[in-house]
Amino acid sequence: MDNPSILEISIQNDGVALLVLNRPTARNALNLELRQALSDAFIQLQQNPAVRAIVITGGSQVFAAGADIKDFTTATTAQMYLRRTEQYWQSITDCSKPIIAAVNGYALGGGCELAMHADIIIASKSAQFGQPEVKLGLMPGAGGTQRLLRAVGKYKAMLLLLSGKFISAEHAYNMGLVSEVVEEEKTIGHALELAKTIAAYAPIAVQQIKEVAQLGSDMPLQAGLALERKAFQILFDTQDQKEGINAFFEKRPAQYTGE
C-alpha cells in the first residue's frame, strides 16, 4: 500500500485476510486517503487466489466514527461530485469473497455504511451503530439509506436516519443489522475464526452463494429462484463439488482447491 500506516493488511496462511483501520487519533474517520487505501486493498485481495475470506475491523476501541468531517467544511457541490468517492466503495461492493466486519465501539455514519458493505457483522456488546448525518445538515451518501432500508425495513431504518440516534449492538442485532453479538475481547478473534471456517469451504460455492444472495435480493422471487437454480447446477461442473461429495462418503475432511 502507498501508506500502510492508515490501513494494516495481513494475509494469514488459512486463507483469511485481515484489514485493520488505523487512524486512532481520528477514531478511524474515513478520509479520502483511507477510502482510497481500502479501495486499493479490496482490489488486490479480490485478485489474490490465496485469499478466500476477508475480515475488516477498526481494532479493539472503535470501528469507524464516520467520515472525516474536515473534508466537508469548505467543499462545494462540484468538488464533492468530482471526488467520485463512489468508486472507492464500489471495489468493496464488487468483491466476490465473503467479508466479515468485526465491530468494536462506534460504527457511525460512514463507519456504519462500511460495516453494511460486509456480508456478516460481528459486534461487541459495547458497539454502537448509527447514521447521525442529519445532525450536520447532511444525509448518508455511501449507501446508508439504501442498505439500512434493505437490512431492517422502512420503519426502523427511518427512525435511525431521521433521528440520528445511536443504537446498541443488542438493539442492532434485534432489528437485523448485526449477525452476532459477542464479548468485547472476543470480537476480532470470533470474526477470524468464522472467516477461517468459511475459507476452508469450496471457494466457487461460497462466492456463488454471495453473488446469488446479493443479486436475488433486488429481484422478483421467481427470477431469484431461477438464478439460484442455475448457480446450483453450475457447481456440479466443479472439481470441488466432487471432492466435497467424496469426502462426505469417505468420512474425511474435504480438501478444496478452488477449481
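Trainee: Before we get to the helices, how are axes and angles set here?
Mentor: Each axis is a line fitted to C-alpha atoms, for helices over the stretch in contact. Keep in mind that this is a predicted model. The angles are taken between N-to-C directions and run from 0 to 180 degrees.

Trainee: Okay, so how do H9 and H10 run relative to each other, roughly parallel or roughly antiparallel?
Mentor: Helix H9 covers residues 203–216 and helix H10 covers 221–234, and their axes sit 9 Å apart at an angle of about 170 degrees. Angles over 145 count as roughly antiparallel. So H9 against H10 is roughly antiparallel.

Trainee: How many of the residues in that contact are nonpolar?
Mentor: On the H9 side you've got Gln 208, Val 212, Leu 215 and Gly 216, meeting Leu 227, Glu 228 and Ala 231 of H10. Of these residues, 2 are polar and 1 is charged, and the nonpolar ones number 4.

Trainee: Lys 125 and Glu 183 form a salt bridge; how far apart in sequence are the parts it ties together?
Mentor: Their side chains meet at 2.7 Å, N to O. Lys 125 is in the loop between strands E6 and E7, and Glu 183 is in the loop between strand E9 and helix H8, so the parts tied together are apart in sequence by 58 residues.

Methods:
Residues numbered from 1 in each chain as written. Predicted model: local features only at pLDDT ≥ 70, side-chain atom pairs only at ≥ 80, totals over all residues. Heavy atoms only, no water. Helix = DSSP H or I, 4+ residues; strand = E, 2+ residues; numbered from the N terminus. Parallel < 35°, antiparallel > 145°, perpendicular 65-115°, else oblique. Contact = heavy atoms within 4.5 Å. Nonpolar A, V, L, I, M, F, W, Y, C, P; charged D, E, K, R; others polar. Salt bridge = Lys/Arg side-chain N within 4 Å of Asp/Glu carboxyl O.
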